[in-house]
Amino acid sequence: MPRGNLETIYPRPLLLTYICSELIDSETINYKRAFELMRKNRLNLNFLYDYKPKQFYDYIPIFISNLRNDDDICLFLSEIDNEKNTRDEYMKYILKQEKNPSTDTQQWHPKANLLCEKFRSYLLSTTNSLEHINSILTTYVKQSPSNMEGSLVYLNQHPKYFDNAIRYLTYFIDIDRLYDIALGTYNFDLVLMISEKTQKDPKEYLPELNQLRSIDNYHWQKFKIDCRLKRYKKAIENACDYFIEQLLNKKQNQYDEKFQEFVNILENNRLYKLAIKKFLSNQQIQSTMEYINQIIKLYGDYLMTKKYYIEAALIYERGKFYEQASKAYRQGKDVQNSLKLLPNISKEIKQPNINMDQYRSLAEQFRHDSLYIESGQIYENYLDDNEEALVSYLQGHEWSHVIRLFSTSLNDRHDLYEHEFLSTFNSFHDDIQRQIHNDYEKFQSYTKRLSILRTNLFQYIKEILDSGRDYDIDENDDQSDNDDQQINDDRRTLITRTNRHNDDSGSIRTRLTKKSGSITSSKKSQRRAAQQQERLVQLKEGSKHEDLALVRELWLLITKFDKLNFDIRHMNKICYQISTYQNSLDYEQKGELLQNKYNEYINSIEKQLTTIWLSNLDQQQQQENVQVMVINKKIREKFKKDLDLISNQYRVSPTLTSKTSQWKLVLFDTDISNKNKIMTELNDDFYLRYYVGHKGKFGHEFLEFEFRPDGKLRYANNSNYKKDTLIRKEVYVNRTIIEELKRIVNETDIMKEDDAVWPPQDRTGRQELEIVLGDEHISFTTAKIGSLIDINNSRDPDGLRCFYYLVQDLKCIVFSLIGLHFKIQPI
């Protein structure tokens, strides 16, 4: 390379170092020289501002006065970019940096508007501002968002420079687009001047401009222009101003056609709220509510089509459309507001008193919508029809309301008590009893069939291992399922070919629409693929994944069976009240039998949960030989792999609310002393749970344990590293362990800490600690702690250190308990 070319090379690190240290950070600040060097070497000019925003902002007047001409100012302004942060990009090249760089706050961003306003205000204040007309126009263009209308308004004030300025603006925006922007200023002289620079035929735009000019009212003229430019929000505001002006001037004749045009724009763009607010903002026309009620009616109708019933009712009520509002409240199942509007509806139809038929129709509607309590209250409080109220309460099985009626209003109606209430209650009691029995029989049949399948699998694996081969769970595909999958693939292929054949026909618009919807269709295809995969799990006897189908059905059945405890408690309470009323033990015995039978069934179900979801194999390993342990491990691995075919909720055993809620009546409990003991333990108000985990390349790995009030310790440790499996254990500890845990928690003062400034969870994982101790309840969440260095660098080292050492103590206790009880390594 010739020597002359070597002398023209300016290494970027040296250049930026020189600009920062000698020109910007020095005592004699020289932004002009920095600008020239950066322009010459094609460096981004945003760096002049990004390096020290406040300093450059204060030096803008000096910077403008030092530049050679208007073109340099235009060049700098044209490179302003809000998204570009050149400080982060260029600082790595600067060799000599400040030891304590100044940190500017967010008040200096976004920079485009700040710089443009500062440059424009200074340029307009100078005596030779017209020499910088291009720079002033650039400040309007580079604002965010761009203010092209402002530039045209300024340009209209100086028609002498119009030609050159328009030619300059066309570098930023198309001339036809500039014509529409000029039309949006509502200045026809400006529009005509710009139209002469376009390639438009005067025969095209002159008739349109003449037609717009011929409109007398200025607001309606702006409305038509905004509709032409598709600025519908501005069009609605200008039309509202027009109609408000007509109302104030009391010129309301011959405007139906214009109002209908306004309504069409309103409906097509659904800008009802904007129009209502614009009308209601004028206090002088609120009393008349003209035009507003029509818009409110349209808005309410629109909300009804979208099934926003409560919102529609509120809008109708504002426009005093009480009948429509009442219907909307009724469909939204808002009983009280629907009743509130009935007097107003009577006034509308000029009735002195409310027609009882209105209340009756409302009560019947609520009964039809399964709102039995609300229906009964209307019959009882508004119609004084206690018999119909009784019918509503009986249909909804609201036994407490029925008992209340017979103790007050119907206390002398023994016929209704015997023939209506007792017969309905006995029928419902028999249905519940039959349902419990049938569901438990179905549960037993499912578990029996699942046990047979797993026994057959056990024997199958044992035969393979006895023959000297290894059992591979991935090579156990059923040929019938493969055939079914092939049929489904052929069916999808046929459908795809048919769709492709159909796509060749139709308009271009149709084909483009189908192409644009490819993303949506891909999501649907993924959902369809997941559904197709779950369809492989069939309850048909002999199917490949019959065991998974049984697990899924058992989960649904157990969840449904568990929810019956609420109905049973309510029924037992009514049984005891009936026994008290009749001075008989018949219903008390029925309630006690139902409670004991349900309790027996739910306890039996709970004992089999671990067997169904294979979470008790480790507990059996102490009594098993090596071969049985290997086979059980194979069965568990196969079951865990196959669980991917069903939804997440079915992969773990359901939580039984009947074991935590107090659904039993102690009056029906056969062992009250045992009940009191349990209640004492439950009321001890101590609970502790700890979780630490993360999601990475080995899946969801976590450690979790909890101590419940009844002394149950639940432990789970999941790791997929080197094909490790989930360890799940449950054991009961005595009161000594619970008291020791309380002592540790009290001594650490963890209940006084706050996790507000602790490190939040990140990709490395999170920790959770929840403790209930007496009347105090804490729940902490933070990131995983690697070492004491992380604690010392945190914003609350003392609180986090207390948390860290408490967790270590809890882990030692739990690992010792699990290791001693199960003779295994807990981690």
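Q: Where is aspartate 50 placed?
A: Aspartate 50 is in helix α4, residues 47-51. Bear in mind that this is a predicted model.

Q: Is aspartate 50 buried or exposed?
A: Buried. Its relative accessible area is 5%, and the cut-off for buried is under 20%.

Q: What is aspartate 50 in contact with, leaving aside neighbours within four places in sequence?
A: Lys84, Asn85, Thr86, Arg87, His109 and Lys111.

Q: And how many Å apart are aspartate 50 and aspartate 88 in space?
A: 9.0 Å, C-alpha to C-alpha. In sequence they are 38 residues apart.

Q: Switching to helices. How do α16 and α17 pack?
A: Helix α16 (residues 218-228) and helix α17 (residues 232-248) pack at about 160°, and their axes are 8 Å apart. Angles over 145 degrees count as roughly antiparallel, so α16 is roughly antiparallel to α17.

Q: Which residues of α16 make the contact?
A: His219, Trp220, Lys222, Phe223, Asp226 and Cys227. On the α17 side, the residues include Tyr232, Ala235, Tyr242 and Phe243.

Q: What's the contact like by class?
A: Eight nonpolar, two polar and five charged residues.

Q: Which way does α16 cross α17, left-handed or right-handed?
A: The crossing is left-handed.

Q: Now α14. Which residues are buried there?
A: In α14 (residues 188-195), Phe188, Leu190, Val191, Ile194 and Ser195 are buried. They cover an arc of only 155° around the axis, so they are on the same side of α14.

Q: What covers the buried residues of α14?
A: The cover includes α11 (148-156), α12 (162-169), α13 (175-183), α15 (202-213) and α16.

Note on methods:
Residues numbered from 1 in each chain as written. Predicted model: local features only at pLDDT ≥ 70, side-chain atom pairs only at ≥ 80, totals over all residues. Heavy atoms only, no water. Axes fitted to C-alpha atoms, helices over the stretch in contact; angles between N-to-C directions. Helix = DSSP H or I, 4+ residues; strand = E, 2+ residues; numbered from the N terminus. Parallel < 35°, antiparallel > 145°, perpendicular 65-115°, else oblique. Left-handed = near helix turned anticlockwise from the far one by under 90°. Contact = heavy atoms within 4.5 Å. Nonpolar A, V, L, I, M, F, W, Y, C, P; charged D, E, K, R; others polar. Buried < 20%, exposed > 50% of the residue type's maximum accessible area, 1.4 Å probe, protein only. Arc of directions from axis to C-beta.
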